[in-house]
Amino acid sequence: MKPFNKLVIASFKQFFRDRTALFFTFAFPLLFMIIFGLVFSGDNDISYDVGLVNQDNSIIGTTFSESLQMVPVFKVSEGTLDEMLVELKNGDLRAVIQIPADVQSTINSGKVAEIVVYYDPAQTTSSQVILSALGQIANKANNIITQQPVVLKLSEQSIQVHNLRNIDYLVPGILAMSILFLGLFGALPMVEWREKQVLKRFGATPLRRSTIVFSQVAYRLVLAVIQALIIISVAYFAFNVEVVGSWAVLFGLVILGTLTFVSLGYLAVSRARTTESAMPIIQLIQFPMLFLSGVFFPIDFMPAFMRPVVNALPLTYLGDTFRQVMVEATPLHPMTVNLAVLAGWLVVSIVLAIRFFRWE
Amino acid sequence: MSIPVIEVKNLVKTYGPITAVNNISFSIMQSEVFGMLGPNGAGKTTTVEILEGLRSADSGQVSILGMNVAKASDKIKQKIGIQLQAPSLLPLLKVDEILDTFAGLYQRSLPIDQVLSIVSLEESRHVLVKNLSGGQQQRLSVAMALVNDPELVFLDEPTTGLDPQARRGLWSAIENMKTQGKTVFITTHYMEEAERLCDRVAIIDYGKIIAMGTPGELIKNNFEEKAIQFELEYQAPEAFWMSLPGAIRAATEGNDVVLYSNNIPVTMSAVLRLAEEKNLTGQLRDLRVREATLEDVFLKITGRRIRE
C-alpha cells in the first residue's frame, strides 16, 4: 500500500500546483454553468411583443383586445396598421393583429368576421405559439358570442413532480461533461511520463505497473468526487437546483462514469507517442460526444438519422442517469439500461487499453 | 566472500541489423568503482540497461548480487540504485517530496536528509524540481538512485552537461559511496573522470570491450612514452610529425598536435627548432609534456578520439 499511497499523494501535490489543471477541473465547469445559467434564466417568463390594430370600436373589438392583453405571453402595443407593419418588418414585433372596422356589423349580419394576423413565418417557434394562442382566444370569443356551453375542458397534469427548468436540465449535463473531461484527460500524465521516461525510471524501482495505473485512477476518482461536490453545491446555492434522488446513487454514478471515461482515455492515448499527439485524439472523442449526447439540450432537437450515433455514446447514458437521479427528469432509457451500457463501455475500454497500451 | 556483485558472461544484444552489445564479459567485485568508457553509441547505455533489468538480453548471462537478472528482477531492484541518462523527474514536486515518493517505493530507505547531504542539495530541499538548475537536477537524479541505500549503484553519464564545479561535487559524492562500501558502475565518456574515480575501467567500442583494467595498467600497457602536446598554426601530415627525432607516433586534429616520444628532450627541441625555422614561435601555444592518459589509450586502440 505504501507505494500506492505515495503516488496518489504525489499526484495530488502536482495537481494543486498546476494552475491549468485546476482551472479546467474546477473553474471551467462552473463557468459553463454560470454562463448557460444566465443565458437560460430568462426562459421562464418568455414574452412576445405583438402589435394590435383595433379599427373596431364595438363591444366585440374591445372584448377581443382585452382578452389579448390578458394573455401572459403577450406584450401588446397598439397603433395604426402601417406603423405596426413597419415594426413587424423591423423585427420589433413578432405579430400584428388587425381587428377590422366592420367586425361587429359583419357578425350582426350573420357572416363570419375575419381577424387578420400578420406574422413572419421565418420565426417558426414564436409564430406557432402566437398563432395557437390567438386561435384559442378566437374560439373562446366564438363560444361566448354564440353562447354554446363548454362540454370539454382541458385539465393540465404534468407528469414531472418538479417543474423542470432549463438549468435543471443543464446541471446534470455539466456534471456529465466534467466527468467526461476528467476521465478522458486522465491518461495524459501517463503519456507524458512515458515520453519523459518517468515510466522508465519507475521501471527501475520495484514499483509494479499496475500500482502506477491504480494510483492514477484512484487519484482521478477522488478528484471527480470533489469536482461533483463543487458543481452540485454551486448549482444549489446559485441556481437553486436540488438533488431530489439518492446521494449514494449519485456518487456511485460519478465513480462509474469516471471509471468508464478514464478507461476510454487510456484506450484513446494507448498508442500516442507524445502529449502533443495525444491531445487531438482526446479532443476528437470529446467534442462530438459533448454535442451529440444531449448533455446541453434534449436530443429530440437532433435529426432522426443522428439517433443511432447518440444512442451509441456513453455520455448520453451518463447524462440521462444524472438527470434521473438529480432532478427526476423523464428517462430516455430505463436506469438499468443506462448502467448496463456504461458498464459495457467500461469493460470493453479496459480490455482494449490493456491490450494496446504502450509502456515504452 | 568473493561472489562478484556483477557478473556478465557473453552478453549479446542486437537491434535489427545493429549489434549494440557484441559478446561482452566482465565481473565487478564489492565496493569497486567500475567505469565503462566509450563514445556515444558504443553500447554503454544498452549494457547498463540490461544490467538494471530495464532491457532483456538476446543471449548471455547476467547475475547481479548473486541473482539472475532475468529471474529475480524485483528482488534485485530493491537493492540497486539507478540513475538514468536523462533526468526524468516530476517537475511539480519539491526536491524532498520526490525523494520521499521514491523512498516509499522501496522496503528499505535512507532518511531524506542523509541522501540530500550526499549530493549537497540540502539547501534546495523545498525547491520545485522545475526550478532547479541543470546541475541540480542531475544531482537530484543521483540522489534518487541512493534513496534505498543500495548495495550497487548505476550511474549513466552522471556528469554530462555539468559545469566543472558541479562535476567535482558529484565526484566527491561518488567517492563517498565507495567509502561506504557500495559498488558503483559508472558510464562516461570523460576520460579524466574515469581516471580520477574508477578502480577499473572497460573501454567499449562498437559493442565490444577492447581493453579492461585499472587506468594505470591500461596506460602502462599501452605507453612507455610520454606525450608532447601543443597548438601550432602549421598543417602537416602525421607522417611528417612522426619523422621528428624521438617521435614514435603522432596525432593531429586541426592545429592540435600530440607527439608520443621516448625521448622527450630530443623531440621537444626538434619541435622548437621547427617553429623557429618556420618563423612561427609566436604561434606555438599551449606546449606541455604529460603522461599518457586514458584518452591516449582510446586513441591508440581505436585510432579515434572520444567525442562528446
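**Entry 1**

I started with B:D113, which counts as partly exposed at 48% relative accessibility (buried is under 20% relative accessible area, exposed over 50%, partly exposed in between, with a 1.4 Å probe and protein chains only). This is a predicted model, so I noted the limits: local features need pLDDT of at least 70, side-chain atom pairs count only at pLDDT 80 or more, while totals for chains, interfaces and linings use all residues. Residues are numbered from 1 along each chain as its sequence is written, chains are lettered from A and ligands numbered from 1 in the order in which they are written, and side-chain values use heavy atoms, with hydrogens and water left out.

Which residue does B:D113 form a salt bridge with? I found B:R125, with the closest N and O atoms 2.3 Å apart (a salt bridge is a side-chain nitrogen of Lys or Arg within 4 Å of a carboxyl oxygen of Asp or Glu). The pair links distant parts of the chain, 12 residues apart: B:D113 sits in helix α4 (residues 112-118) of chain B and B:R125 in the loop between α4 and α5 (134-144) of chain B. Helices (H or I, at least four residues) and strands (E, at least two) are DSSP runs, numbered from the N terminus. B:R125 is partly exposed too, with a relative accessible area of 23%.

**Entry 2: another pair in chain B**

Next I looked up B:E225, which forms a salt bridge with B:R249 at 3.1 Å between the closest N and O atoms. B:E225 is in the loop between α8 (215-222) and β11 (226-231) of chain B and B:R249 in strand β12 (residues 247-253) of chain B, so the pair ties together parts 24 residues apart in sequence. I have B:E225 down as buried, with a relative accessible area of 9%, and B:R249 as partly exposed, at 23%.

**Entry 3: across the chains**

Over all chains, I get a count of 22 salt bridges. Between chain B and chain A the count is 5. I checked B:E97 with A:R17, where the closest N and O atoms are 2.7 Å apart. B:E97 lies in helix α3 (residues 95-103) of chain B and A:R17 in the loop between α1 (2-16) and α2 (19-40) of chain A, so this pair joins two chains. B:E97 is buried, with a relative accessible area of 12%, while A:R17 is partly exposed, at 27%. Salt bridges that share partners join A:K13, A:R17 and B:E97 into one network. I also noted B:E49 and A:K200, whose side chains meet in a salt bridge (2.5 Å, N to O).

How many residues does the contact take from chain B and from chain A? It takes 26 residues from chain B and 22 residues from chain A, contact being heavy atoms within 4.5 Å. The area buried between the two chains is about 2300 Å², with carbon and sulfur atoms giving 61%; buried area is the accessible area (1.4 Å probe) that two parts lose on being put together, summed over both. B:L90, B:L92 and B:L105 supply 25% of what chain B buries against chain A, more than any other three residues.

**Entry 4: cores**

The largest nonpolar core has 139 residues (a core is a set of buried Ala, Val, Leu, Ile, Met, Phe, Trp, Tyr and Cys residues joined through side-chain atoms within 4.5 Å). Among those with the most contacts inside this core I listed A:F202, A:L315 and B:I98. Leaving aside neighbours within four places in sequence, A:F202 is in contact with residues including A:W193, B:F102 and B:L105. Another core, of 31 residues, lies apart from the largest one, with B:I6 and B:M36 among its residues.

**Entry 5: strands of chain B**

I traced an open sheet of 6 strands in the order β6-β7-β8-β3-β9-β10 (chain B), with mixed pairing (two strands pair if DSSP finds at least two bridges between them). β6 (80-83) and β10 (208-213) stand at the edges with a single partner strand each, so one side of each has no neighbour in the sheet. β3 (residues 33-37) and β9 (residues 200-205) of chain B run parallel, joined by 4 bridges. In β9(B), B:V201 is the bridge partner of B:G35.

Last, β1 (residues 6-15) and β2 (residues 18-28) of chain B pair in the antiparallel sense over 8 bridges. B:L11 stands opposite B:I24 in β2(B). β1(B) and β2(B) form a hairpin with 2 residues between them, and B:G16 in the turn has a positive phi of about 55°.
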